[in-house]
Amino acid sequence: MTSGREKGGIHSGGQPGLSQPAHGVYNPPLPAGKPIGPGRVWRFLSMEIAVLVKQVPDTAEVKIDPKTGTLIREGVEGVVNPEDLNAVEAALVLKARHGGCVTVLTMGPPQAREALLETLAMGADRAVHLTDKAFAGADTLATSYTLGKAVEKLGPFDLVICGRQAIDGDTAQIGPQVAEYLGIPQATYVQEIEIRDGVLRAVRRLDAGTETIETPLPALVTVLGSLNSPRLPTVPGIIDACSSKDRLSVMNAADIGARAEKTGLRGSPTVVWKTETPKSERRCEMLKGSPAVQAQALAAILKKRNLS
Amino acid sequence: MLSFDLTEDQEILRKSVRDFAEKEVAPVAAKLDEEEKFDLDLVRKMGDMGFFGPFVSEEYGGTNVGYVSYIIIVEELARVDGSTAATVAAGNSLGIGPIFYFGSEDQKRRFLPALCEGKRIAGFGLTEPNAGSDAGGSQTTAAFKDGRWTINGSKIFITNASSDLTSVVTVQTVTGRKPDGRPEYSCFLLPAGTPGFTRKKMTGKLMWRSSDTAELYFEDCRIGEDAMLGSRGAGFHQMLKTLDGGRLSIAAMGLGGAQGAYEAALKYARERKQFGMPICKFQAIAFKLADMAVEIEAARNLLYKACWLKDSGKPFAMEAAMAKLYCSEVFGRVAREAVQIHGGYGLMKEYAVERFFRDQKLLEIGEGTSEVQRIVISRAIGC
């Protein structure tokens with residue numbers, strides 16, 4: 001990305017079709033930072049951050065086709081997946097603090113372009129739209145491979161940020177799988193992020209309480225909606241994003257060096273067998289007897305159903 | 001080829017303004033209305049979002065996005081709250097408009113940047129206690145002596161003119177008589193705090209209760225020649241031009257309000273059950289909602305066409321009057337039926353349609369009554 005930077009990170013070749021981001025890179029000969037991992041050196045100059053986003057159907061509108069068991073997407077407005085906006089916000093906050101460049105990536109059909117424009121309007125420096133007929137029908141494995149390839153190609157990045165999960169599929173698999181593909185540490189379910197001396201400190205939300213972890217960079221985090229409040233695009237931000245031709249680029253399978261048999265439907269071992277909308281049923285049971293007997297019966301029922 | 005597509009930036013803009021209105025305005029709208037509070041922080045937030053100066057060039061701090069985008073901003077705010085939309089509509093069309101279109105280079109540089117940032121707002125003083133629809137009957141005068149103008153008189157119902165954020169008010173005055181004996185009108189830019197210039201907040205309103213409305217008094221208020229807007233005698237023309245543009249933003253308030261009331265009524269009708277089924281399943285209710293949808297669609301097409309004419313540099317005054325008249329009246333019908341569909345709940349402040357019902361009424365009166373719009377239109381078609 002920036003010449004003369006001996007920085008660790010996710011490796012890359014060149015960047016076809018991508019212009020230099022608009023931010024200025026100040027690159028004085030600072031002493032090397034703390035080595036992290038073999039051959040990796042962190043310099044406290046600026047952060048290269050990649051954010052992975054997905055365009056999803058607007059929350060309330062999602063319906064399932066009762067015949068095919070798949071999501072009905074026609075006629076439903078596309079939005080940026082809500083927690084992916086938290087990821088973009090996190091990246092913009094880190095950039096404001098440490099300097100650097102925020103690159104937003106999405107894999108999706110042509111209309112996903114609008115999602116990228118929205119993140120550019122929020123303040124991301126550049127956006128890359130991965131679109132190719134070969135990508136269609138991808139499960140999370142093929143999607144992670146494609147996104148991982150693109151991150152490698154566009155890098156090096158110090159940090160990759162994803163939303164926890166998308167509201168249409170709810171798998172929460174893409175972030176972890178991309179980290180595995182890239183072979184970098186990951187922190188999932190993150191509700192606080194801090195970077196100090198080249199070390200990422202993340203507070204993860206667990207079922208019972210939180211866990212604070214530290215990891216060297218580069219790393220990948222998936223963030224929760226509670227992490228921050230995403231900024232809204234301002235009028236000048238929107239105009240800027242939509243009028244600049246060079247901040248958004250489009251790449252296909254060949255551009256990122258992805259092997260066709262590992263992308264899209266061909267690269268997806270997952271088969272959707274059946275999708276059902278669970279029926280909610282209520283049953284009413286009237287307890288009889290004296291208050292004491294009723295209370296005992298109620299307690300027994302609660303205990304039996306593990307509700308006590 | 002005829003196209004109804006909005007541009008990518010307009011689509012994103014609509015979504016962003018809608019999100020802003022739902023997150024920042026909706027939670028406080030009822031309370032601000034109840035307390036008649038003009039929320040300065042909300043104005044600043046809207047300034048940060050870039051809602052002011054949509055038709056002002058960048059050199060003065062505007063965004064220059066054009067009227068369609070401007071109208072989308074007002075429409076989406078009005079979909080949630082009339083008062084908030086009024087602050088932006090009046091702030092732009094009446095506050096910023098005259099200064100940008102008719103001001104000197106010095107005046108533009110002095111006032112516009114802060115107005116476009118939303119750090120300050122401006123008003124437009126036209127209506128007087130005895131000059132409403134008869135805007136030519138102004139009694140506020142300005143007399144010239146020894147290189148200075150002295151203004152005497154008063155104005156009423158002036159939006160955005162009494163608050164601490166108000167930096168300047170454009171005031172229309174009578175500066176003499178023309179050779180044919182008719183009054184000569186000229187406008188002045190009066191900075192807040194000018195000696196002899198008193199601003200008083202008006203309260204007790206039926207509608208737009210959290211918008212700022214002022215009475216203005218001028219008692220031997222003296223200002224220099226450089227406070228005149230444009231040239232002497234240009235005041236009437238400036239007022240007409242300002243109102244042409246202002247009508248588009250009032251129309252946007254009608255359209256947005258109608259949309260908001262309609263959505264509330266539709267949601268309620270799908271949830272409310274009577275006789276064992278949602279009331280939207282009864283034709284009596286369903287047909288009301290269908291009529292609302294038709295009228296709103298027609299109103300939007302009329303207004304966007306008028307904006308497109310303006311953005312294209314074509315004559316738009318008649319279409320602006322049509323859009324103002326139609327959108328205001330559509331909102332009236334939609335708000336009335338939206339309350340009806342809500343039944344008793346629609347009469348309660350807990351439900352937004354109650355506020356929409358009240359806020360609508362202004363639109364048939366402010367910036368030219370519906371009757372005045374019909375005069376404008378009937379003259380334009382050759383009556």
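This is a predicted model: local features need pLDDT of at least 70, side-chain atom pairs count only at pLDDT 80 or more; totals for chains, interfaces and linings use all residues.
Residues are numbered from 1 along each chain as its sequence is written, chains are lettered from A and ligands numbered from 1 in the order in which they are written, and side-chain values use heavy atoms, without hydrogens and water.

**Exercise 1.** Find the strands that pair with β7(B), residues 213–224.

Solution. 
- Strands are DSSP E runs of at least two residues, numbered from the N terminus.
- Two strands pair if DSSP finds at least two bridges between them.
- Strand β3 (148–159) of chain B runs antiparallel to β7(B), with nine bridges.
- One partner couple here is B:Thr159 and B:Thr213.
- Strand β6 (197–201) of chain B is also antiparallel to β7(B), through five bridges.
- There, B:Lys201 partners B:Ala214.

**Exercise 2.** State the domains of chain B and describe the contact of domain 1 with domain 3.

Solution. 
- The bounds, from an automatic or database assignment, are 8–120 for domain 1, 123–233 for domain 2 and 237–380 for domain 3.
- The C-alpha centres of domains 1 and 3 of chain B lie 20 Å apart.
- Each of these two domains gives 28 residues to the contact (heavy atoms within 4.5 Å).

**Exercise 3.** How much area do domains 1 and 3 of chain B bury between them?

Solution. 
- Buried area is the accessible area (1.4 Å probe) lost when two parts are put together, summed over both.
- The value is about 2,200 Å².
- Carbon and sulfur atoms carry 61% of it.

Notes: Helices (H or I, at least four residues) and strands (E, at least two) are DSSP runs, numbered from the N terminus.
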